[in-house]
Each structure stands twice: as structure tokens, then as C-alpha cells.
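These are my notebook entries on a two-chain model. I set down what I looked up, in the order in which I looked.

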Amino acid sequence: MQRSPARREGSPFTGLGPVFMKEFSDHLSSARMMVLMLFVIAFGALTVAPSLTELRNVTESDPFLFLRIFTSASSRVPFSFTAALSFTIPLLAIGLGFDSVNGEFNRRTLSRVLSQPIYRDALLLGKFLGALVTLAVALVALWLIVLGAGLLLLGLPPRGVEVARGIAFLAVAIAYGGVWLAASMLFSVIFRSTATSALCALGVWLFFLIVWPLIVPTIVVAFASPDVMSGRASIDETLALIQFQSFLDRLSPNTLFGEAVIGLLNPETRTLGPIIQSQMYGAIMGAPLPFGQSLLLIWPQITGLIAGMIVVFAAAYVIFQREEVRA
Amino acid sequence: MTDPTMSGNVIEARGLLKLYGAQRAVDAIDLDIRRGEIFGLLGPNGAGKTTTILMMLGLTEISGGSVEVLGFDPVRQPLEVKRRVGYLPDAVGFYDHLTARENLTYTARLLAIPRSQIGRRIMEAMESVQLADVVDRRVSTYSRGMRQRLGIAEIVMKKAEIAILDEPTSGLDPHATFELLEMIRGLKRMGVAVLLSSHLLDRVQSVCDRVALFNKGRIALMGTVVELANQVLGAGHPILVEASGIDIAGALRGIEGVQKVMPEGPQGSEGAWRVVADRDVRAAAAQRIVAAGGALTRLADLQPSLEEVYTRYFQEARHAA
């Protein structure tokens, strides 16, 4: 029997506000959020405190001293605040999203909520935005704590451009969290069991954190001609191979986040790819780029993160629309 | 609430079809629910009751046919339908970490009830299901019966014109079942049309005005309980007679209007008889047995029971297959 494609009436966003407000307040008051926040703050303090004590003893003038709080790894703790964030943010996001849809299903609230005048669109988007804003609030709070600690311990205020770079960094961190949030929600739509969806989300995260960086060189070597390997190839061929490797690397959100952070918080960064001698002609080594230029440099990374977030969310959306609500 | 331009039906399904692959979960059914009645969907598990309900709410896609709810098409206008129809799913869930008031407030926001009215409407609804004193307790402390009543309260708060209840009494103890059925009658008194699905037949019988018997995705029988009984068990007014001392069967057959006299109970046991007549012949039967010198020990009016209809129908369906 054929049915003409039916057009739905009414805005798909009816009820978005209430869903968003409920999710947001649920997250903020949940024990899970407290645990995750403690975890994030512990990691933040662990990395920021040693680097602050070391930065206090820096005597040479550094125009971007404040940004060093985020990026410098002290001798005692071998990774920086941003490195710590690059793996606490996914954990936070996965923690917020892994049971968002199947949790409702298992509590048998899904069919009751969907029988109210609301489309599934609004439910999924409201849940995503609720968790994303929770994530943003957590990151802003953390960012302000670090900034405040810096003010107190370094005793000098950040310059305007440092604050601007810091805010841009915050935006990138939220987009990075959004990718993982969308991924964990995708799994929460696919799997009925919350444990399975949590495991899958964590699995994908570990894959990109540990396995992918190991696989990429292998893939690149497999594609390389013997000439390149023995160093007899032309510069174009070598460059093409390096670009292929960067492309593969950048499929991982972790790489995109890392590169965006380097570009924003290390103003001296001029390029994120290979550079040849002739391109460096006339450049002053170590001179910082203006903020606008740094932003331009990492613009592809930012759009990549946002696009990734939207694509994964869209996949979750499509699957959710087709899902049966009955038990 | 009543729209005079509309016909008396609040739900009209025509040839409603749902396919899961090649399987016909709901096979081209026609169904009318009238304004203000309690309608029961009966049938074994997997007969297509819940699927039918979900299609009426626009919660699952329709494979064919059409359904109209209060004049709206659930496929194209699901928001309009869901604004006016209250749904209590099988084993309804609420957010356990929130209180009943918070749960209902969330629903009220989704319904876009004006903020100033929310508090009053929640309390009115909770009073109507006798939960007003526990409105600020977490739902995790509620018993199953209380959750079902909270579900009814949600429908009352919504001021729904139709209440669709999926297995509302399953898993409830007899007392909770009784209370819930009372509340379902209360919905009817408020002018709400109630559509409920169940397999607890004697319970359903006591509240339903009309029922539809589902079997393998089709509606096998539809009508009032008495109509169904006449259709399946045969027309007539059955009574039960227990007596001894004389030829009871002969005496009963002599009464005017009696169509059938059958021994009741296990094979070979004497003394109990089932009499089918075209009217209530209890008085005549008593008179005749006593006059003939028999000892009358029991005389009962046998209401046609839905359970009997159901069992008999499925027996016959199995024999026919």
C-alpha cells in the first residue's frame, strides 16, 4: 500500500525549552556531575599548580605569561593543563551523554514523554543542548578558577589579547566536548543497554586516544613508495605523504583539539603542517602571530570539530526517528 | 469541549494496517470510539493492541489505511492529537529522583500550560486520584498502584478529551485494581472517552461499555459484552439451577420459553443444570421444582461473562484453524 509522503505540522522545536531546562537542572544537581567535576578539577589542579609555582620564578619577560599556565608542563607533572583537558573533556562528555536516550527508555518514561505534544527532534536536541550547556558551565568554571589562581599567584593581570585567546580556547574546548557528547548520545540511541553504550563510547575514545596514533604511521608506510622511504623522492612526493598522514591524524577529534590549542595558546605557532625553508624566508623566528592570524591558522580545526559534532548528532537523530518506542 | 459539528466518534480507524516486515501486526482494522464511552481492547499478548494504540498517537508509523483522532491525522498533526489525548503506557515510568509535583510540572511545561495555572491544576489532578498528600514525595517511594494513579493524574491535569490506557491494571493487587477502575469511571464522568487495553477480562467487563476482541491483528468481535455473549455463546438468558429429588431436567424443560437444559459442572455429576431461556425464568423454575416436591438448593442468574466469551471464542478459533 502506497502512502504519499506526509508533511508534519507544527514546529519541530515545540517543547524544546522545557526539555532543555529539565536536562540542564538534572545534570547540575546529579551526583554523577559532582563526581565528574571533582575528577576534572583534580586533574586541572594537578597540572596547573606545579606549572604556576614554576612560572612564578620566571624572570625573563614573556608577553604571554598567562597563556603558559595552560600550556606549560612542569618538571614534576609531565603534562600540561590542556593535555589533561584533552582527555578529561571526552570523559565528562561521555559521562553526560551515554544514557540520555536509552536511560529514558529503560525507566519507561520515553513513551510517556513522547505522548506529550512534542516531536522527537525537540527531545533529542533538548537533551543535547542541556548536556552541552552543562559541559560549558563546567569548563567556564574551571577556566575561571585557573585564571583566578593565576591572578593570585602570578600577581599580574592578563592582557586583553591573552583573555581573547583564552576565550577562543574555551570555545574550542566546548566544541571538542560536543563531538564526544554527540558520539555518546549516538550510542545511547543505538543500544538499549546503558552499560553497552557507555562501553562503546569509551571504546571509541580509547581507540582515538591510543590506537589511532599507532595505526596512522603504519597506514602511511603502506601507501609510501620505496623512493620516499629511502629519501630519494622529490619534495612534492614527500610532502604529499606527510599531508596524507596529517589528514589521517586529523580524523581524530583529539588531534583537531590539540592543534587548535597549540595555535591559540602558543602565539608563536605559524603552521601546523610541514614547512620548507623557502617559506620561512623573512620570518622572524619566535615572533608571535596576531590573534586574528592564529585564529585563521586553526580555523579548519574549529570547523572540523563543529562539523564532526553536527554529523554525529545527525546520525543519532536519524536513528532515533526510526526507533520504535514500545518496550 | 464537545464540537457539535463533529460526529459522535472521537477515534475513527479505517483499514488501519501495520506491517513489521512481512508480518501483519495490525491487519486492516476498522474501529470507532464514541464520545464519552469506555472502550476495551481485548486479546492475547501480541494480538496488535499496543501497536494500534501507538498508531493512534502517531508514535509509530502507519503502513496503510487511515486513522482520525478528534478529527486530526496522527501522522501529519501529531502535536494536535497529543495535546488532546492522554496516554498511560503499559508499566508507566516517572523520573524517580523527582517528586510527583516535579514530574507533573515537567509535563505541564511540555503542554505549555500557563505558569500561573500549573500549581492549581496539579493539585486538582492529584486530589482526583487521592494522591494529594504525597505530591511532594519522590516517585521512587511510590508503589506500582500509586504510579498508575499518578499516570491518571497526568491525564486529568492535561484535560485530555481521550484517555488511552495500555494494560492499566496489570501487576496491581485486587484492591489497587478496584481503585484504579473507579478512577477510570471517574474519567468517564468527566466526559473523557477512555480506550483501554487489557487481558484481565472480568475487570474490564465491569467498566467497559463496548469491547473489541483482537486476534492475530484483526478484530474478531466488537460490541457490548451482552452482544458478544449472544454472538459467541448463543442468544438467550442463562440461569443456573441446583436441585435434587425429582427429574429436574424434565421439570425445567416444561417451563414456557426454555430453549435448552444442560447439565452443568463435571461430566456425570447430577444436580446442577444450566438453563437457557428467552427471558428470566427463575421464578417459574423455583415454583415448578418446589411444587413437584424437589429440593431447590440454588438458583442463580448467569451474567454472560467476558471470560467465557473469550475462552469459547478462542477455542472455536483454534478448532476452525
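This is a predicted model: local features need pLDDT of at least 70, side-chain atom pairs count only at pLDDT 80 or more; totals for chains, interfaces and linings use all residues.

**Entry 1: confidence**

Residues are numbered from 1 along each chain as its sequence is written, with chains lettered from A and ligands numbered from 1 in the order in which they are written. For the complex, the predictor gives an ipTM of 0.87 and a pTM of 0.88.

**Entry 2: the two chains**

I then counted helices and strands, taken as DSSP runs numbered from the N terminus (helices: H or I, at least four residues; strands: E, at least two). Chain A has 13 helices and 0 strands, whereas chain B has 11 helices and 13 strands.

I next looked up burial: a residue is buried if 20 or more other C-beta atoms lie within 10 Å of its own, exposed if 12 or fewer, and partly exposed in between, with C-beta atoms placed from the backbone. In chain A, 36% of the 327 residues count as buried; in chain B, 40% of the 321 residues do.

Along the principal axes, the C-alpha atoms of chain A fill a box of roughly 70 × 55 × 35 Å, and those of chain B one of roughly 75 × 50 × 40 Å. Of the contacts between residues at least 6 apart in sequence, 81% in chain A join residues at least 24 apart; for chain B I recorded 69%.

For chain B I also noted two domains, domain 1 (9-223) and domain 2 (235-308), with bounds from an automatic or database domain assignment. Their C-alpha centres lie 42 Å apart.

**Entry 3: the interface**

Which elements of chain A give two or more residues to the side that touches chain B? I first noted that 24 residues of chain A are in contact with 28 residues of chain B. The elements are helix 1 (16-29) and helix 6 (110-114) of chain A. Helix 6 of chain A supplies the largest share, 3 residues. I sorted this side of chain A into 8 nonpolar, 7 polar and 9 charged residues, where Ala, Val, Leu, Ile, Met, Phe, Trp, Tyr, Cys and Pro count as nonpolar, Asp, Glu, Lys and Arg as charged, and the others, Gly among them, as polar.

**Entry 4: helix 3 of chain B**

I found helix 3 (residues 100-110) of chain B mostly covered, with 8 of its 11 residues buried. Among them are Asn103(B), Leu104(B), Tyr106(B) and Leu110(B). The buried residues pack against helix 1 of chain A, together with helix 4 (115-128) and helix 5 (144-158) of chain B. Just after helix 3 of chain B, Ala112(B) takes a positive phi of about 60°.

**Entry 5: an open sheet in chain B**

In chain B, 3 strands form an open antiparallel sheet in the order 2-1-4; two strands pair if DSSP finds at least two bridges between them. Strand 2 (23-34) and strand 4 (64-69) are the edges, each pairing on one side only. The twist averages 15° from one strand to the next. Strand 1 (residues 9-20) is joined to strand 4 by 5 bridges, and Leu17(B) stands opposite Gly64(B). Helix 1 (residues 49-56) of chain B lies across strands 1, 2 and 4, at about 115° to strand 1; axes are lines fitted to C-alpha atoms, for helices over the stretch in contact, and angles run from 0 to 180 degrees between N-to-C directions.

**Entry 6: strand 12 of chain B**

Which residues of strand 12 (residues 272-277) of chain B form its covered face? They are Trp273(B), Val275(B) and Ala277(B), while Ala272(B), Arg274(B) and Val276(B) form the uncovered one. In a regular strand the side chains alternate between the two faces of the sheet. Strand 12 pairs in the antiparallel sense with strand 10 (residues 237-244) over 6 bridges, and 5 bridges join antiparallel strand 11 (residues 258-263) to strand 12. Trp273(B) stands opposite Val241(B) and is also the bridge partner of Pro263(B).

Definitions and conventions: Two residues are in contact if their C-beta atoms, placed from the backbone, lie within 7 Å.
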